[in-house]
Amino acid sequence: MISDAQWRRIRGELRFGQVFTGTVVKVPKPGVIGIFVDIGLDVGGFVDVVHLPRTRAEERWPVEGTVTRFEVWWAADEPQQIRLRPLDPAYRCDDFADYVERWRPGWPEQIGQIVEPQ
């Protein structure tokens, strides 16, 4: 874990929609909780299950060692974590547009803005 000051600095440099190439480092339970991603920062990245395919998750989720692109979705203070969503359609939920419309309709306007903690 990094200091609060380091986390605030990193978070202050993040922008919604910012793209990182990352490596999947842990897939604890395919279809259940999400995946952990190393994006080259001192704080880890995480893709929540809602952003990953729900059908045949064991077959469609990226495996450990997969290198692909992710975009910043939000940031969490507890635990210090950058929340991501996959850009590769093969690794994305099939109903992302419906998800955004229902839970985050302001998403397009947030792209490029500083990531505030959730």
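**View 1. The salt bridge between Arg11 and Asp77 in the predicted model.** The closest N and O atoms of Arg11 and Asp77 are 2.7 Å apart, where a salt bridge is a side-chain nitrogen of Lys or Arg within 4 Å of a carboxyl oxygen of Asp or Glu. Because Arg11 lies in helix α1 (residues 4-13) and Asp77 in the loop between β4 and β5, the pair ties together parts that are 66 residues apart in sequence. Arg11 is buried at 12% relative accessibility, whereas Asp77, at 28%, is partly exposed (buried means under 20% relative accessible area, exposed over 50%, partly exposed in between, with a 1.4 Å probe and protein chains only).

**View 2. Strand β4 and the strands that pair with it.** Of the 10 residues in strand β4 (residues 67-76), 7 are buried; helices (H or I, at least four residues) and strands (E, at least two) are DSSP runs, numbered from the N terminus. Strand β4 runs antiparallel to β1 (residues 19-26), joined by 5 bridges, and pairs in the antiparallel sense with β5 (residues 81-86) over 6 bridges; two strands pair if DSSP finds at least two bridges between them. Glu71 in β4 is the bridge partner of Val19.

**View 3. The salt bridge between Glu71 and Arg85.** The N to O distance is 2.4 Å, and both Glu71 and Arg85 are buried.

Residues are numbered from 1 along each chain as its sequence is written, and side-chain values use heavy atoms, without hydrogens and water. In this predicted model, local features need pLDDT of at least 70 and side-chain atom pairs count only at pLDDT 80 or more, while totals for chains, interfaces and linings use all residues.
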